Amino acid sequence: MNKLVIVGNGFDLAHGLPTSYKHFIDDFWRNLRANFQREDIKDLVFLNKGFTSLLEGENFNFTTFLRNIENESNRYGFHFNKKNFKLTTKDNYGENITIFEFKNDFFKTINLHSIDDWVDIEHEYY
């Protein structure tokens, strides 16, 4: 007789597999420097290719990115609109240049909220 065993939530994490929401989102930010020009990534975020220095740091993640935005804004006078999470600067002619912005509202929401697991993401989605 064959038996089917279904393992419930927690099996993957209990065995050290990187399958949590935090693992997923940290992986996205850690690899953004290499992937920001891919079309599927452009559907989520826009990063001006002249400002990839915002993606530097040891153990890079979204928290590091926020810290880099704050540091660079103070240093170079970038304008950071916290309401729509858009980072801009002016070019030599006084025109606004977008440095970074979220292109997907849901992705912005799950990054800006302290979401610890997939259940919370489902709640945010609905």
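Predicted model: local features only at pLDDT ≥ 70, side-chain atom pairs only at ≥ 80, totals over all residues.
Figure 1. Strands β3 (residues 86–90) and β4 run antiparallel and are joined by five bridges. Strands of a sheet pair through backbone hydrogen bonds, in either a parallel or an antiparallel manner.

**Figure 2. The four-stranded sheet.** The sheet is open, its strands follow the order β1-β4-β3-β2, and the pairing is antiparallel. Which strands form the edges of the sheet? The edge strands are β1 and β2 (79–81), each of which pairs on one side only. On average, neighbouring strands of this sheet are turned by 25 degrees against each other, with direction ignored. In the protein as a whole there are four strands and seven helices. Along the sequence these elements follow the pattern α-α-α-α-β-α-β-β-β-α-α.

**Figure 3. The largest nonpolar core.** In soluble globular proteins, nonpolar side chains tend to be buried together. The largest nonpolar core of this protein has 25 residues, and those with the most contacts inside the core are Trp-29, Phe-65 and Phe-100. At least two core residues come from each of α2 (21–30), β1 (45–47), α5 (62–76), β4 (96–102) and α6 (105–112). Helix α2 gives the most to this core, with four residues. Of the 126 residues in the protein, 33% are buried.

**Figure 4. The surroundings of Trp-29.** Is Trp-29 buried or exposed? Its relative accessible area is 0%, so Trp-29 counts as buried. When neighbours within four places in sequence are left aside, Trp-29 is in contact with Phe-60, Asn-61, Phe-62, Phe-65, Phe-100, Phe-102, Phe-107 and Asn-111. Trp-29 also belongs to one aromatic cluster, formed together with Phe-28, Phe-60, Phe-62, Phe-65, Phe-80, Phe-85, Phe-100, Phe-102 and Phe-107.

**Figure 5. Two edge-to-face aromatic pairs.** A pair of aromatic rings is described by the distance of the centres and the angle of the planes. The count of aromatic pairs in this protein comes to 19. One of them is the edge-to-face pair of Trp-29 and Phe-102, with 6.2 Å from centre to centre and 80 degrees between the planes. Because Trp-29 lies in helix α2 and Phe-102 in strand β4, this pair ties together parts that are 73 residues apart in sequence. Phe-102 counts as buried, at 8% relative accessibility. In the pair of Phe-106 and Tyr-125, the ring centres are 5.7 Å apart and the planes stand at 85 degrees, so this pair is edge-to-face. Since Phe-106 lies in helix α6 and Tyr-125 in helix α7 (residues 118–125), the pair ties together parts that are 19 residues apart in sequence. Phe-106 is partly exposed, with a relative accessible area of 30%, whereas Tyr-125 counts as exposed at 57% relative accessibility.

**Figure 6. Leu-32 and its contacts.** Leu-32 has its place in helix α3 (residues 32–35). With a relative accessible area of 1%, Leu-32 is buried. Which residues does Leu-32 touch, not counting those up to four places away in sequence? They are Ile-41, Val-45 and Leu-55. Leu-32 and Phe-60 are 28 residues apart along the chain, and their C-alpha atoms are separated by 9.7 Å.

Methods: Residues numbered from 1 in each chain as written. Heavy atoms only, no water. Core = buried A, V, L, I, M, F, W, Y, C linked by side-chain atoms within 4.5 Å. Buried < 20%, exposed > 50% of the residue type's maximum accessible area, 1.4 Å probe, protein only. Contact = heavy atoms within 4.5 Å. Phe/Tyr/Trp six-rings, centres within 6.5 Å; stacked < 30°, edge-to-face > 60°. Pairing = 2+ DSSP bridges. Axes fitted to C-alpha atoms, helices over the stretch in contact; angles between N-to-C directions.
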